[in-house]
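User: I'd like to learn how to read a model like this one. Can we go through some features together?

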Amino acid sequence: MTDRRVVSHLLRRVTFGPTAAEVDAVAGTDLGLTVTALLAPAAPPRLPDLGPDPYATLAAGATKEDKQRARRAARDQIGDATWWWLTRMAGGGTAEKLTFFWHGHWATSVQKVRSAGLMLGQQQTFRRYGGGDTGPLVRAMLRDPALIIWLDGQRNSRTAPNENLARELMELFTLGVGHYGEDDVKAAAKVLTGWQIDRAAGTAKLVARRHDDSPVTLLGHRGTLDVDGLADLLVRHPAHVPFLASRLWTRYGSGDPAPAPTLRRLIAAGRDVTAMLAALCTDPAFPATAGHLVKQPVEWMVGALRQLAVDPATLPDKQRKQVLGGLRALGQVPFRPPSVGGWPSGAAWLTTASAQARLRYALALTALAPAAVQSLAEAAKGDRLEALARLLVVDGWTDRTAAVLSGAATEPARLLALGLATPEYTVH
Amino acid sequence: MDTITRRRFLTASGVVAGAALAAGGTAYGIRDILATAGRREPGAKTLVLVTLYGGNDGLNTVIPYADPAYAAARPALAYPADKVLPLDGAFGLNPAMTGLHRLYGRTKLAVIRGVGYPKPDRSHFRSMDIWQTGRPDRPGNTGWLGRWLDAAGGDPRLAVSFEPVLPPLLAGATSAGATVPGGTVALPKIVTTDLLRSLGAASPGEPAAQARAAACFADLTRIQDLMRDVTPDAADDQDAEDAPAATATGGAEPALDAQLALVARCVEAGAATRVYSVSLGGFDLHADEKTAQESQLAKLDKPLAAFADRMARTEAGRAVVVAVYSEFGRRVRANASDGTDHGTASSMFVLGDSVKGGLYGEPPSLTDLDDGDLKYTTDFRNVYATLLGDVIDGDAGALLDGWKGRLDDVLI
């Protein structure tokens, strides 16, 4: 038997916010089987057809007007891709949550990449390889056009080394700070020289004359390396799996460091991301992390849409803008991480500004969900707080919050809006 | 605020503030400001800290134009002597910095050269953590101004940022500065101050993150007193239907001039706030740097010079001291994409009416380098100690782990 709280917690963490029905469906079943079923690999979806890359089709002698048109077209494509992804997220499922994790990990912003197509291409790489061994993922990411543009990889050549991608690769993507030196950064930059992007085709290719294939000394190994050799060297480095474990724990487990035995179990799962996530979800320390994480704005917004049964695919333009405006006000827009370090976590999201924004957009969300309001109205007045907790899959209200919510029990719409802004719903 | 959560935030995502996304165009201004604020000590000064995210290339900002090693190290990036805005016979400002050059001429701009710290870290995140926590050995979990705020009583109104995400430097152990994007508190009609106060109460035994989420509502009631919103029409628009209209387009974060305009209004209204944190990003120029940096520096120079001019006009404004820093400078030698990679020591600016303008700090040698990088000559904690002690009346030794150094004579 699985305690309802335990499954609620599990689903809150591995999906974009469960509905009460989704909790009902797995409550009482075997936890291990539930985790296995939840984390089962999903086939990557077909990407939306956005049309050709507007910048790639821009002729050499393009006029100012042509360029402006391309900029507008690119912006529209980015908008379409963003909405398509939010719709995918709202479809539920753990795969998109993991895709979102990797997006924050290999944090690449469309602001510099300027191509929705390349951003979606990167996302498919996360879907294809993100649940498995990190070796193929790192190999694929080193050929990823969006990442290469983002970190000046196409500027990195034999005669003109550029360290940007090499440094972030080790610091932020595979090993963590302190496990490599400045000479390793220089050596890795050399290995990564020569990659060029074809925007129209959406591919990266190695240009031999720009590539430096002289031997390097990298992390204690001497020899000639190609990108695959570099990727393998990094994922086999003793710091890689612990680094991955700490990154997964930070987003799925807790802002507090993992207890030593838990960390050991995560590391024992090795480089297989799904195995590591399964270890995390079934770890004895996992249930006690409930309420430790602050929901990222995308998690808050998408979770609310799901629980309020608002289907993003059917929302008219005006309401779409409202949802995107909410994400912007809360500080997190998909495809636009603030820096290569990704989005913050924990208390950084808890500011006086975000508290205001949550109140405002809680109200806006409520206005999109008359059926959810109606369902609360149908509960007897004395049962409405409990109905609200069930709807939002909150374990319970503190006395403080219950007192505030009781004051709104006669106004179901207001009750729902306040519920979405409560401290209890802000964390998970 | 839970310190362990904040530790994660600081060490895993150090540059969160530069990262701060904006509440976009919630740009209706404060028309009447802070009528209720006026409870500050007579003569108390105000610190405005400007963070430049990305690692600004110090050598092309304060340019050692007379040193032949400068042009030799970066032929395509170097400025010739006749292009720089001269400070003296050896140093000049980037041509884009006409406003600050004018302030220098009026002896209101101090340029401190060679500022850095021991064992420099070339990671943006780590180095920004070091600068924002004020702790080169062990960045830890509190910002240097957050610790000041703790000691000053912890009222969030004392340390304000106009970005929606808390900059780590304003995170204390027991308190945190207020983040007020747009400088207004726009609450939907369903919320009353009483309700906020109730929702903001602590509940025994709840998780730390949840307690912090609750405390934000309590903080909000205090901010509300400070930033009384007098544009009810605009606020109503924010209510339900049209909430995103103001933010549907627009930039990723409030422009520096917008942030400084809010600071100016608060200062002139006599707000109790003693510390304002503002920021500008976009300095990480690994490629094609020269034009891009000029455009970045213009984005710094124009708003900052305009702010300084405006501040000079009022008594409250003349008590403002502005300090500008970035997490590191860049390599002396250009890379071959006509950019520069991450480096070490750089210059800081301190400006204001009570600043004694001029050149400070030993300029680092361009030839005696540490693995291709400048050796710092002034520890940034010396500058912090002076700002803490002389501007915001803090105990620099206690707030900087017993640090004894300071930068003398920079303030009148």
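User: What percentage of the 428 residues in chain A do buried residues make up?

Analyst: A residue is buried if 20 or more other C-beta atoms, placed from the backbone, lie within 10 Å of its own, exposed if 12 or fewer, and partly exposed in between. By that count, buried residues make up 55% of chain A. Some ground rules: this is a predicted model, where local features need pLDDT of at least 70 and side-chain atom pairs count only at pLDDT 80 or more, while totals for chains, interfaces and linings use all residues. Residues are numbered from 1 along each chain as its sequence is written, and chains are lettered from A and ligands numbered from 1 in the order in which they are written.

User: How many helices and strands does chain A have?

Analyst: Helices (H or I, at least four residues) and strands (E, at least two) are DSSP runs, numbered from the N terminus. Chain A comes to 23 helices and 4 strands. Its radius of gyration is 23 Å, close to the 22 Å from the globule rule for 428 residues, so chain A is as compact as a globular protein of that length. That radius is taken over C-alpha atoms, and the rule is 2.2 Å times the number of residues to the power 0.38. The C-alpha trace of chain A spans about 75 × 60 × 40 Å along its principal axes.

User: Where is Ser115(A) found, and which residues does Ser115(A) touch?

Analyst: Ser115(A) sits in the loop between helix 6 (110–113) and helix 7 (116–129) of chain A. It counts as buried, with 24 C-beta neighbours inside 10 Å. Two residues are in contact if their C-beta atoms, placed from the backbone, lie within 7 Å. Leaving out residues up to four places away in sequence, Ser115(A) touches Asp53(A), Tyr55(A), Ala74(A) and Arg199(A).

User: How do I read the crossing of helix 5 and helix 7 of chain A: left-handed or right-handed?

Analyst: Start with the axes, which are lines fitted to C-alpha atoms, for helices over the stretch in contact, with angles running from 0 to 180 degrees between N-to-C directions. The axes of helix 5 (residues 94–105) and helix 7 of chain A come within 9 Å and cross at roughly 120°. Angles under 35 degrees count as roughly parallel, over 145 as roughly antiparallel, 65 to 115 as roughly perpendicular and the rest as oblique, and these two helices are therefore oblique to each other. As for handedness, a crossing is left-handed if the near helix is turned anticlockwise from the far one by less than a right angle, and right-handed if clockwise. The crossing of helix 5 and helix 7 of chain A is right-handed. Ala95(A), Thr99(A), Trp102(A) and His103(A) of helix 5 make the contact with Gln123(A), Phe126(A) and Arg127(A) of helix 7.

User: Over in chain B, which residues point one way from strand 9, and which the other way?

Analyst: In a regular strand the side chains alternate between the two faces of the sheet. From strand 9 of chain B, Val320(B), Val322(B), Val324(B) and Ser326(B) point one way, Val321(B), Ala323(B) and Tyr325(B) the other way, and all are buried.

User: How many bridges join strand 9 of chain B to strand 1 and to strand 10?

Analyst: Two strands pair if DSSP finds at least two bridges between them. Strand 1 (residues 46–52) runs parallel to strand 9 of chain B, joined by 7 bridges, and there Val48(B) stands opposite Val322(B). Strand 10 (residues 346–351) of chain B runs antiparallel to strand 9, with 3 bridges, and Ala323(B) stands opposite Val350(B).
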